[in-house]
Amino acid sequence: MARIIDIAVEEDIALAEGSALLLAGELVAMPTETVYGLAADATNPQAIAKIYAAKGRPAFNPLICHMSGLEMAEDYAVFSPLARTLAQAFWPGPLTLVLPLKQGAAIAPAATANLPTVGVRVPQGFAGRLIAETGRPLAAPSANTSGRISPTTAAHVEADLGEKLRLVLDAGPAEVGVESTILTVEDEMITLLRPGGISAAEVEALTGRTVTRPQHKTAVIAPGMMVSHYAPKAAVRLDATRVGAGEALVLFGPCEVENVSAARAVFQLSETADLAEAASRLYDTMIEADRSGATAIAFAPIPKDGIGEAINDRLARAAAPRKDD
């Protein structure tokens with residue numbers, strides 16, 4: 001199993017061991033404010049291949065490349081004035097920008113799925129320090145088997161990928177709990193590819209521009225765009241107003257669901273109906289509900305405003321038909 005280092009106790013050791021492994025082309029599970037990432041040197045093709053192999057991730061699904069700051073990001077991506085405004089406002093933080101790949105940039109082609117664009121983000125906290133320590137951009141999709149529930153604790157990572165890793169860096173539960181918002185900025189138009197920790201309303205308030213959504217199914221040009229994703233082993237049912245026998249029930253705020261006594265187990269995302277709290281607890285709750293042995297997981301309705309859009313996006317993908325069904 002992987003060695004686990006508690007960053008709160010041994011941060012210097014975590015930085016030294018983590019950066020040494022990454023520079024040697026190995027994988028390291030690192031904490032971010034969104035979810036735990038499976039990190040590798042984004043300039044090393046062999047290391048990137050290890051990410052896809054460990055996750056069982058489709059090769060057409062590109063990776064986000066994490067940077068230590070805007071200055072590093074500008075070495076690899078082309079920023080328009082609008083993209084730079086977004087980066088300066090929301091970085092470090094849960095925002096990914098999909099931008100043209102800079103000519104001659106050393107990002108491994110597999111990290112971008114051979115696309116002419118690259119997703120870049122500057123994470124908060126320890127991850128940013130680890131990137132600075134390596135001096136390399138780190139490709140870091142969620143540290144879980146592809147298509148399954150994203151990890152928000154080191155224990156989640158160890159349970160899923162522990163046998164495939166040498167090191168997991170533990171910073172406790174992820175604060176945001178859902179992945180970053182992904183935007184494209186083209187011809188001064190901002191398009192939301194994946195809702196996440198930064199709401200569309202925040203982007204619109206900053207820029208004075210409407211954030212558009214794709215009107216039809218588009219090619220996968222960023223993570224989180226596959227129809228089935230973030231899925232537990234159990235089936236997922238949304239907007240439940242009644243529980244079926246043997247189902248696990250996940251509530252949001254006061255219980256307004258019928259037949260609760262039939263539920264195998266009951267979980268609560270936020271007793272006070274706080275969307276930020278619900279987002280931070282979403283994946284951990286899904287994992288616990290899946291472990292209950294329920295035939296399905298029924299989620300009570302959750303509002304779609306603010307970060308609720310990201311929560312509902314993840315649940316819709318978790319509930320989608322799966323290729324292995």
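Mentor: Start with the contacts of His66. Leaving aside residues up to four places away in sequence, His66 touches Met30, Arg121, Pro123, Ile131, Pro137, Leu138 and Ala140. Keep in mind that this is a predicted model. His66 sits in strand β4, which covers residues 64-66. Its relative accessibility is 4%, so His66 counts as buried; the cut-off is under 20%. A polar atom of the His66 side chain lies 3.4 Å from the backbone oxygen of Ile64.

Now widen the view. The "binding site" feature comes from an unreviewed UniProt entry, which places it at Thr34, His66, Arg121, Ala140, Ser142 and Ser180. These residues are spread over 147 residues of sequence, yet they cluster in space. The largest C-alpha distance among them is 13.8 Å. The lining of the largest cavity includes Thr34, His66, Arg121, Ala140, Ser142 and Ser180.

Next, take Ser142. This residue lies in a loop, between β7 (138-139) and α6 (154-161). At 15% relative accessibility, Ser142 is under the 20% cut-off and so counts as buried. With residues up to four places away in sequence again left out, Ser142 touches Val35, Tyr36, Gly37, Leu38, Lys55, Ser150 and Pro151.

Then move along the chain to a sheet. It is open, has 4 strands, and runs in the order β12-β15-β13-β14 with parallel pairing. β12 (235-237) and β14 (265-268) are the edge strands; each has a single partner, so one side of each is left without a neighbour in the sheet. Direction ignored, neighbouring strands here are turned by 20° against each other on average.

β12 and β15 (residues 296-299) run parallel and are joined by 3 bridges. Val236 has Ile297 in β15 as its bridge partner. Finally, find helix α8, residues 275-291, which packs on this sheet. The helix touches β13 (248-251), β14 and β15. The direction of α8 makes about 140° with that of β15.

Definitions and conventions. Residues numbered from 1 in each chain as written. Predicted model: local features only at pLDDT ≥ 70, side-chain atom pairs only at ≥ 80, totals over all residues. Heavy atoms only, no water. Pairing = 2+ DSSP bridges. Helix = DSSP H or I, 4+ residues; strand = E, 2+ residues; numbered from the N terminus. Axes fitted to C-alpha atoms, helices over the stretch in contact; angles between N-to-C directions. Contact = heavy atoms within 4.5 Å. UniProt positions renumbered as here; feature names shortened; annotations may be inferred. 1 Å grid on protein atoms, 1.4 Å probe; cavity = no way out; pocket = protein on both sides within 12 Å on 5 of 7 lines; lining within 4 Å. Buried < 20%, exposed > 50% of the residue type's maximum accessible area, 1.4 Å probe, protein only. Polar contact = N/O pair within 3.5 Å; in protein donor to acceptor, adjacent residues only side chain to side chain.
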